[in-house]
Amino acid sequence: PEIARSEDVDQLVDLLGLLFAQEAEFAPDAQKQSRALRQILADASLGRVYVARDAGRVVGMCSLLYTVSTAEGGKAAWLEDLIVRPESRGRGIGRMLLKHAIGQAHADGLGRITLLSDADNERAHALYRKLGFTDSPMRTMRLWLR
């Protein structure tokens, strides 16, 4: 895996379209996704987008967005997006991207990675658990501002 580049944005938007089409709460919006990706890629203090390539084409991505945790006493991250193109699944790309992101977060001294996942996405949950994530007793709540 490597850090995404600005010239990857269109391919990343395509991947996010696949991800948001399968999620219960979100819908693809290429303009929004492009705007957010460009912000992240332009400012490393916001986070990192890691990509996996096959013959130069982006086939998977994993995003870590940074925050400061008062509970951890320092920097923490949200695992925002993990998606692999359907035709590239089953080859360990998602696992590789996730392991890379975890390793980078550890090397950067982050105290925690938190993620949200659709409740019925058991395949993803199994991967997360294999790599050390545990279920949280905390409940997700949202306030939509737009």
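Which residue in strand 2 is the bridge partner of isoleucine 3? Tyrosine 50 is that partner. Before I continue, note that this is a predicted model, in which local features need pLDDT of at least 70, side-chain atom pairs count only at pLDDT 80 or more, and totals for chains, interfaces and linings use all residues. Residues are numbered from 1 along each chain as its sequence is written, and side-chain values use heavy atoms, with hydrogens and water left out.

Let me turn to the sheet. Strands (DSSP E runs of at least two residues) and helices (H or I runs of at least four) are numbered from the N terminus. An open sheet is formed by 5 strands in the order 1-2-3-4-5, with mixed pairing; two strands pair if DSSP finds at least two bridges between them. Strand 1 (2-3) and strand 5 each have a single partner strand and stand at the edges, so one side of each lacks a neighbour in the sheet. Strands 1 and 2 run antiparallel, joined by 2 bridges.

Not counting residues up to four places away in sequence, leucine 82 touches Leu19, Met61, Cys62, Gly94, Leu97, Leu98, Leu127 and Tyr128, contact meaning heavy atoms within 4.5 Å.
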